[in-house]
Amino acid sequence: MIELEGVPELIDPVMVAAFEGWNDAGDAASAAVAHLDREWKGEVFAALDAEDYYDFQVNRPTVWLDGGVRKITWPTTRLSVVRIADANGKGKPRDLVLVRGIEPSMRWRSFCNEILGFAHELGVEMLVVLGALLGDTPHTRPVPVSGVTSDPDLARRLDLEETRYEGPTGIVGILQEACTHAGVPAVSLWAAVPHYVSQPPNPKATLALLNRLEDLLDLRIPLGELSEDARAWQLGVDQLAAEDSEVAEYVQSLEEARDTADLPEASGEAIAREFERYLRRRDPQAGPGLATEGGVADGRDGSYLRDTASGRTRPPKPAPKEPKESKDPGREPGGQADPKGPDSAGGGPDSRKPDAEDPQDSPTDSPKEGPADGSEG
């Protein structure tokens, strides 16, 4: 292990972790942490000793050339720090500790203890583990993201689900349980990836995880090209599904089941919560490239809203025009306008329910990508 050196005192640090392998369907979770590290220019300060935790016949090292010199990269887990000067658009700084690696092959308890040792040394306030599972969810709908914890108090305070999972687990479940025993608040966020398009990458699921992480930590995350990648991914899957009538019928059946399950969720409380999220992300101080309700705000008034039916984006309705002065001498200037008005058809903020609406999706079992139930903790 590389010793902890040169890391300054952190501000309200939260540890965000993801691991490639069984808990990472479509590479959605590990791609989310990689995105944070890339956009905020994370600085690696430690790495776990690969000899202690990995079977190199399962996760092989790679050889590469650096200026004609052969070098080896060993499979491991690395920790980096990102310092956010304006975390929530209101001038509040915050630091994140990012943990990105591969699910270890052995000695999971020692692995978790080492991660928790770093968390203790850095004064981490909470650990958030990202995961992705295969589920019976259509690619045309918003990606369901479930937030779960083993702590009843934390579940009530952050509006999370208290885990009831029983069955096989991965390193995400073991790490969260280790946090519980160590007294470290821990949350896991799970994105459901359509099992019929499980191949990585899945930028739409990655985007959903980042949006939920924003809500959980009150952050503004720069998305770069991720929103456009998610739209392109969905368009590509649409085209593939259209070429196979059986797949198209299956997707339609998933859509009908999802829409039926979503109807009871459209409560007044859910709509109010979504409206608050909409207003928060429409903050004029958000700036370019930040997460908004529909993806990325480009710094202009024409930011996009997410379509509730297709999951795609649509431009907002134009602002009503000012009534022109009447040229009729028998009518006063600025006389009565059309009683229906230019916006009578609607066009207020989108009142769809949040992405994390359906933690009860029943994913298919897969020995390679994701547990049998993403609500584990």
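Start by selecting helix α1 (residues 28-39) and helix α6 (residues 203-217), whose axes come within 8 Å and cross at roughly 60°. That angle makes α1 oblique to α6, because angles under 35 degrees count as roughly parallel, over 145 as roughly antiparallel, 65 to 115 as roughly perpendicular and the rest as oblique. Axes here are lines fitted to C-alpha atoms, for helices over the stretch in contact, and angles run from 0 to 180 degrees between N-to-C directions. Helices (H or I, at least four residues) and strands (E, at least two) are DSSP runs, numbered from the N terminus.

This is a predicted model, in which local features need pLDDT of at least 70 and side-chain atom pairs count only at pLDDT 80 or more, while totals for chains, interfaces and linings use all residues. Residues are numbered from 1 along each chain as its sequence is written, and side-chain values use heavy atoms, with hydrogens and water left out.

Stay with the first pair and show side chains. On the α1 side, A28, A29, A31, A32, H35 and L36 meet A205, T206, L209, L210 and L213 of α6; contact means heavy atoms within 4.5 Å.

The axes of α6 and α7 come within 8 Å and cross at roughly 140°, which makes α6 oblique to α7. Select P203, K204, T206, L207 and L210 in α6: these meet L226, S227, D229, A230, W233 and Q234 in α7.

Now go to the loop between β10 (186-194) and α6, where P201 is found. The peptide bond from P200 to P201 is cis, with omega near 0°. Then select D12, in the segment before β1 (14-20). Phi of D12 is near 45°, a positive value in a residue other than glycine. Most residues other than glycine have a negative phi, and most peptide bonds are trans.

Which residue forms a salt bridge with R141? Select E255: its closest N and O atoms with R141 are 3.8 Å apart. R141 lies in the loop between β7 (126-135) and β8 (145-149) and E255 in helix α8 (residues 245-262), so the pair ties together parts 114 residues apart in sequence. A salt bridge is a side-chain nitrogen of Lys or Arg within 4 Å of a carboxyl oxygen of Asp or Glu, and the structure holds 9 of these salt bridges.

Last, select V63, which is in strand β3 (residues 62-66).
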